[in-house]
Amino acid sequence: MTSSALMAFPWLSLLLAIPFLGTFALLLWPGEPSPGRLRGITIAVLSAQLVASLALLLVFDPGHAGMQLEEVHSWVPSIGLNYQLGVDGLSLPLVLINAALTLVAAICTRDFSKRPRIYFSMLLLISGAVNGAFLAENLLLFFLFYELELIPLWLLISIWGGSQRAYAATKFLIFTAVSGMLILGAFLGLALFTGTVDFSLTPITSERLAMGSQIVLLSALLVGFGIKLPLVPFHTWLPDAHTQASTPVSVLLAGVLLKLGTYGILRFGMGLFPEAWAQLAPGLAIWAAISVVYGSLAAIAQRDMKRMVAYSSVGHMGYVLLAGAAATPVALLGAEFQMVSHGLISALLFLLVGTVYRKTGTRDLDALRGLLNPERGLPFTGTLMIVGVMASAGMPGMVGFISEFLVFRGSLLAYPIATLLCMVGSALTAVYFLLLVNRAFFGRLAITPASDNPVEDSRLDIQLAPVAPRETLPALALALGVLALGLVPALLGHWSEATTTAMAQLPGLVALIPAGGVG
Amino acid sequence: MTAALPLPIQLVWLIPVYGFSGVLLSLPWATGWVKRNGPRPAVYLNLLVTLLAFGHGSLITLEIWKRGAQHLSFNWFSAADLHLSIGFDLSLTNLAALELVTLLSLLAQFFALGYLDKEWSLARFYALVGFFEGALSGLVLSSNLFMSYFLLEMLTLSTYLLVGFWYAQPLVVTAARDAFLTKRVGDVLLLMGVVALSALAGSMEFTDLYRWAAQAQDPSQGTGQLAPLAGSLIGLGLIAGPMGKCAQFPMHLWLDEAMEGPNPASILRNSVVVTSGALVLLKLMPLLRLSPMATTVLLVVGTISAIAGALVALAQVDLKRAFSYSTTSYLGLVFIAIALQQPAVALLLLLSHGLAKALLFMSVGSVIATTSCQDLTELGGLGNRMPATTSAFLVAAAGLVGLLPLGCYWCFGLGVQAIWQAHPLFAGVIVFTNLLTALNLTRVFRSVFLGAATPKTKRAPEVNWLMALPMVSLTVLVLLTPFLMARINPVPGIGAFSLPVAIAVAGSGLVGVGIGSLIRLDQFWSRSIQQPLRGIQDLLALDFYTDKIYRATIVAFVAGLARFTNAIDRQVVNGVVDGIGRLSLQSAENLKLSVSGQLQSYVLTVVIAIVVLLSSLTWIVGEAVR
């Protein structure tokens, strides 16, 4: 095939077709396939999706900043809804993360007891919808995919969740539905005010709008995506959703779905309203700093490992907003890195917490001790956990460090105070995750007998069922990814730099970067 | 230019790789995949790569000796205006430090083979030491601040894992935690400085930074001059990292607790790790001109550390802790030398302290390995039972104290000579620290090696050859330190100080030894019943209550803030959400009762709502479009 034929192939539609057709195939599969077979089909479909996503790297031109591989088909022209797809350096890494993490979620699914057919088809549906949202170049199309991912996730939490799943799922649904309403409202308002009926990303612009209405529309978008991100004080759905969701769903939620919020903020908030963005940016930086410090402090006080990781997400997604507010080329590249890094690291941490929960039956940091024990404990899980928490705390050599460094380096001159506060948040990350490792993995592996004698020696040694090497493969793969991107950041920077640099030069944003020093 | 350089120099990037490859090579045994022949193969592989690193370093040193200093740089990551590179500064100073690091690492690893003979996770220990050595050897050669920070953080991680090596013991758990968090606080402050410098100066190479700092201070430059506040903050951030790494007051607590880790790691930690922190500070020295405040802080911190560290060491009954505080004390002297712009003195002191302290910890390790005891009160009479260990201790002590003409004597002489006219106070600090250290070493020597044998030492044999060989080799090396120093720093010569200075240094050492020999030994550990003395004893033995102060202030503050945030989160933020939920359910319940069934009122409500919505919408659109 010649290169032009390669370019003409509808790669992006293929990325939507694979998971959606997989969903239908699973739902319509004849007979009563065993759960194992359903899982096998899902893994096959997702592997195909991963291969197709990786194939994008062959046809994607990293030196080009704008949308590539575009596909435009008229769909419902009367309301301005076009089937219009495109990929650039902002969305490409996220599409890859989506494919990889959904595959991980499918592989690490172990509980087949309830409706496996619906479970696996929902997994595929989410992956397809997320791909659609990342690739959509039409506001209404984005919104359709954004909402499409909501119901399957609600089902995944409310059917396969923990004991409080109804509360958590409803909370998630209401929050996210409000988020969708605000986003749709902002999109419609933009069209209404500018008098256009074309919702395509490229021609639509806020230039002719009065600043006041720009700010109103941008605020609606910010709150809408801020719920998804999540930013304080719209975050309370996240810890509940995570603690009630099963491990694969948590992996998806933290690794992929939160990125819809940051992606939306950068693509639509900053991209469509650069002037209003420049006006609001100082406030956004403060909001980011509050979110980071608040999330980190709340994480210190948690006793449930999963809740702790969930609050760390609140903290770490704040960095993306800080970088967006600063909007320098380095900061925006840092935002991209942070999205990928958080996707990999939080997925890794949720996998490992899931393993601990499966083997010990608890996630309570007051109860767990000494899991690193080489013969009776979970030494390999513990080792990977140390890798995961260190990466999250920004240890050099892992992807968390370079993303934080880029974010801080890019934002410091623009917002010194907010950036320094975010760095304090990074120090607090080390505190809570170190406490997690120290409490759960160090010490002596034992349980206190029922008499509750506080004397250490009265404890009973216990033997945990070992983790099969095969089961650790997904976590190992993620850990290796964290290390690879941390040691060779160009692996990621190569694909995104042109786009993030171009984003920083949006007219209206450029005036934002101050010339002054630190103060 | 690079093509013309000989192969060993071109391959300098392999130097840190040797250590890191030791990690990978140890993995099959550390993870237990290979169990058949025990973990020894991992040890041999690690010794081999360390030997390679040392050999490669020596080749480079020879080449550099011939050609003069070289600089090699490899691009690591570039984005927009940010360029991060892996840079190696091949100066004789850096290479001497590299040789010190790899040699001590080799000796310590050899020693560990004997010390940790029956340890089940020997391979894990060697993997960690390999990691440690890789980061250290890269750090001493690094030519840019970014890479230095990168590797310093890796050192923090490896220190955490090495201190936490015996993670099942409760004291180890807290020690590892404190080591990591203390250093991490220093590292984050350093990161703030690094990020600020990167953003302001553009480049991270030390040479570019020096140029930028000179420019930013130049009053003739109208633009680009740095605000004094920013300069001070950056300076404070930059010294915070080395402060944590060098265990200076008030961030010294971790080094003492880190004694819970295996002794071979303590050898490295007390010699080369603290040295690496000080080397980073030395490289940052020209930048500190931006910040007079940072220099003052360095002086204050160095003085407190030097004297308080030496005093606290006097009151310890634990063999290892008595000397870990002495490390804090000596690094305090190095800080003073750096703050007073005496880099040569600082370097020589680092070299002689590193070698002597490593030997001291080997000797202490031998005692602990033989007697399984590190309590001074339970030891005694080992002098004629363990001759090699005893001589190692004596040589190390002589190397540390300014009395006999070994390493530190010349350093103290040079230091006092250089500063006593301008800063007599700090010259006094050096002399006083020398006195206290001599006192401490003498009293420990008396309790461990002299006197009657105790039940624990009666049948103590000399250590096996695996421990004796590195110890004796290092003993010889410490004896040769003055010649090494003379080779490295020929001008103005290591003896360039006046007779009064020489007498002051040797006299203070002699007084220390004298007091240490005369005083009754049990006075060091028995608590006096007389109040002021008892209070002072407690104060020193418990390290000025530093851990309690920390627990009452910073730890309590952060924990309280975390609990407060969590309470707000549960009660207020989540409470509002739940409240809205309850409110809507409640109002729906109430509205249900108000249903009248009258069609007219329904239609009226709908019409009013439409009118309000449409009119407000038209108004907004009219306002919105410019």
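Reader: Is α16(B) mostly covered or mostly exposed, and how many of its residues are buried?

Author: This is a predicted model. A residue is buried if 20 or more other C-beta atoms lie within 10 Å of its own. In α16(B), 13 of 13 residues are buried, so defined, and the helix is mostly covered.

Reader: What should the 13 residues of helix α16 of chain B span?

Author: At 1.5 Å a residue, helix α16 (residues 407–419) of chain B should span 18 Å; the C-alpha atoms at its ends are 19 Å apart, which agrees.

Reader: Which residues have the most contacts inside the largest nonpolar core?

Author: In soluble globular proteins, nonpolar side chains tend to be buried together. Here the largest nonpolar core has 413 residues, and those with the most contacts inside it include A:L348, A:V482 and B:V416. Domain 1 (1–143) and domain 2 (194–217 + 227–541) of chain B both contribute residues, so this core lies between them. Leaving out residues up to four places away in sequence, A:L348 touches A:G388, A:A475, A:L478, A:A479 and A:V482.

Reader: How many bridges join β1(B) to β2(B)?

Author: Nine, and the two strands run antiparallel. B:F74 stands opposite B:I86 in β2(B). The hairpin has two residues between the strands, and B:A80 takes a positive phi near 50° there. Strand β2 of chain B is mostly covered, with seven of its nine residues buried.

How values were computed:
Residues numbered from 1 in each chain as written. Chains lettered and ligands numbered in written order. Predicted model: local features only at pLDDT ≥ 70, side-chain atom pairs only at ≥ 80, totals over all residues. Core = buried A, V, L, I, M, F, W, Y, C linked by C-beta atoms within 7 Å. Buried ≥ 20, exposed ≤ 12 C-beta atoms within 10 Å, placed from the backbone. Domains from an automatic or database assignment. Contact = placed C-beta atoms within 7 Å. Helix = DSSP H or I, 4+ residues; strand = E, 2+ residues; numbered from the N terminus. Expected span 1.5 Å × (residues − 1). Pairing = 2+ DSSP bridges.
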